[in-house]
Amino acid sequence: MHIAFVTFTGLRSEGSWPATAASMAKGLEAYGHRVTRIQPEPISNQGYWRVRKAINMVLGKQFQTERQESVVQELCESVSAQLKGLDPDLVLASSSLPVPYLRTNAPIAFWTDATFAGMIGFYPEFSRLARETIRNGMELEAKALRKADLAFYSSEWAARSAIERHGADPAKTHVVPFGPNLDQIPEHGDVMRAITERRRDRCRLLYIGYDWERKQGDLVVRIHRELRKRGVPSQLVIIGTEPKLTGDLDGIKVEGLLNKDDPAHLATILEALHGSHFLVVPSKAECYGMVYAEAATYGLPSVALNVGGVPTVVRSGVNGQMFEIGSTAGAMAAWIGDTWSDADQYVALARSTRTDYERRLAWSVVIAQLTGIVETRRSRVA
């Protein structure tokens with residue numbers, strides 16, 4: 001299938017969403033699809049929009065330029081112009097934004113991790129939104145859903161929001177998870193052997209995340225300290241940020257912000273995934289959580305909170321443990337300590353984590369799922 005893949009975030013690996021878009025494109029190609037990458041031209045009148053944003057900031061509001069109808073029309077026009085002469089079998093966007101006014105004879109779909117309604121008040125950048133941004137955002141999302149032939153969301157949470165908040169047609173709304181943002185996936189046998197060889201002198205916790213506050217890094221530190229209070233020798237490695245820590249820092253190693261495009265940085269990340277016992281990222285807001293899928297490739301169980309799209313990725317007793325919002329460091333440390341202390345139980349969970357990845361979260365699996373839905377729709381239309 002020839003797919004015109006549209007993303008306005010770029011296809012570099014810097015930042016979580018550009019990396020996800022790049023992984024999507026690579027996954028489509030690895031499956032055998034021919035992919036033509038398309039990115040809208042920069043919008044005009046950028047100075048004007050910066051002024052509008054600044055004025056709203058002074059008023060204590062957040063103004064999103066990309067939710068302005070004229071801007072979306074411009075994005076769609078740029079994509080439509082680039083589609084001329086391509087004759088793709090499918091136009092697939094990594095966001096709903098380039099969709100509402102798209103002009104093409106090909107079927108249109110988008111594959112993303114959240115709806116506009118679902119994001120309002122969820123992430124900090126979607127808090128205190130200007131009234132105009134909310135109105136436009138709701139209208140444009142609904143238009144995109146009416147325009148698209150298929151809407152793919154990475155989680156049940158997002159798909160449910162599309163149907164309940166934006167009136168999406170359930171028949172063309174589908175849940176297809178994202179795979180990991182890793183170019184190199186370790187072999188099954190290597191992971192299974194590594195799981196049994198993980199050192200038992202310490203319970204090694206791993207935190208990966210840039211947004212320390214939203215992902216509750218302080219809670220991870222408290223979990224580490226609680227484990228030590230309970231007599232469990234714990235070590236915590238922090239990747240993605242350099243928080244200002246106070247108190248007892250024994251057993252805590254801060255690697256800081258690492259770039260996967262840097263071989264040395266990537267080696268540090270992969271070594272941490274390989275040698276840790278648990279990924280602990282208890283985000284209080286999360287649309288999906290690519291890092292949980294990445295951890296699963298190494299048979300690394302995740303500890304997370306039941307919020308947003310996380311339940312699609314993390315399944316208690318299968319590839320980790322999900323706790324409810326408000327769970328204490330003590331409760332989470334107790335589960336980690338009990339699971340790690342029982343070597344057989346831990347190994348069984350770690351192996352299950354890798355097996356679950358292979359069955360549900362590998363790019364080959366999710367692209368096959370998406371392809372099947374597209375081909376079923378094409379056969380019905382034909």
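Trp 363 is buried in this predicted model, its relative accessible area being 11%. Trp 111 is buried as well, with a relative accessible area of 0%. The structure holds 13 aromatic pairs. In one of them, Trp 111 and Phe 178 form a tilted pair, with 5.5 Å centre to centre and 55° between the planes. Trp 111 belongs to strand β4 (residues 108-112), while Phe 178 sits in the loop between β6 (173-175) and α7 (188-197), so this pair ties together parts that are 67 residues apart in sequence. Trp 111 and Phe 178 are both buried.

Trp 111 also pairs with Trp 363, here edge-to-face, with the centres 5.9 Å apart and 80° between the planes. The link joins distant parts of the chain: Trp 111 is in strand β4 and Trp 363 in helix α14 (residues 363-381), 252 residues apart. Ring pairs connect Trp 111, Phe 178, Tyr 288 and Trp 363 into a cluster.

**Salt bridges**

A search of the whole structure gives 20 salt bridges.

| Salt bridge | N to O distance |
|---|---|
| Arg 37 and Glu 29 | 2.8 Å |
| Glu 255 and Lys 253 | 3.3 Å |
| Glu 286 and Arg 214 | 3.4 Å |

Glu 286 and Arg 214 meet through their side chains in a salt bridge. Glu 286 lies in the loop between β10 (278-280) and α10 (290-297), and Arg 214 in the loop between β7 (203-208) and α8 (217-229), so the pair ties together parts that are 72 residues apart in sequence. Both partners, Glu 286 and Arg 214, are buried.

The partners of the salt bridge between Arg 37 and Glu 29 are partly exposed: Arg 37 has a relative accessibility of 37%, and Glu 29 has a relative accessible area of 34%. In the salt bridge between Glu 255 and Lys 253, Glu 255 counts as partly exposed at 27% relative accessibility, and Lys 253 is partly exposed with a relative accessible area of 46%. Elsewhere, salt bridges with shared partners join Asp 211, Arg 214, Lys 215 and Glu 286 into one network.

**Surface patches**

Val 51, Ile 55, Val 58 and Leu 59 make a nonpolar surface patch of about 420 Å². Among them, Ile 55 is placed in helix α2. Ile 55 has a relative accessible area of 47% and is therefore partly exposed, since that class covers the values between 20% and 50%.

Lys 61, Arg 128, Arg 131 and Arg 135 form a positive surface patch. Lys 61 is located in the loop between α2 (46-58) and α3 (69-83). The relative accessible area of Lys 61 is 39%, which makes this residue partly exposed.

Gly 60 is found in the loop between α2 and α3. At 33% relative accessibility, Gly 60 counts as partly exposed. Gly 60 and Leu 129 are 69 residues apart in sequence, and their C-alpha atoms are 8.9 Å apart in space.

Technical notes
Residues are numbered from 1 along each chain as its sequence is written. This is a predicted model: local features need pLDDT of at least 70, side-chain atom pairs count only at pLDDT 80 or more; totals for chains, interfaces and linings use all residues. Side-chain values use heavy atoms; hydrogens and water are left out. Patches are made of residues with over 30% relative accessible area and no salt bridge: like charges are joined within 9 Å, nonpolar side chains (Val, Leu, Ile, Met, Phe, Trp, Tyr) within 5 Å. Accessible areas come from the Shrake-Rupley method with a 1.4 Å probe; for residues, only the protein chains shown count as cover. A salt bridge is a side-chain nitrogen of Lys or Arg within 4 Å of a carboxyl oxygen of Asp or Glu. Lys and Arg count as positive and Asp and Glu as negative; His and the chain ends are not counted. The place of a charge is taken as NZ of Lys, CZ of Arg, CG of Asp or CD of Glu. Helices (H or I, at least four residues) and strands (E, at least two) are DSSP runs, numbered from the N terminus. Buried means under 20% relative accessible area, exposed over 50%, partly exposed in between (1.4 Å probe, protein chains only). Rings of Phe, Tyr and Trp (its six-membered ring) pair if their centres lie within 6.5 Å; planes under 30 degrees apart count as stacked, over 60 as edge-to-face and the rest as tilted.
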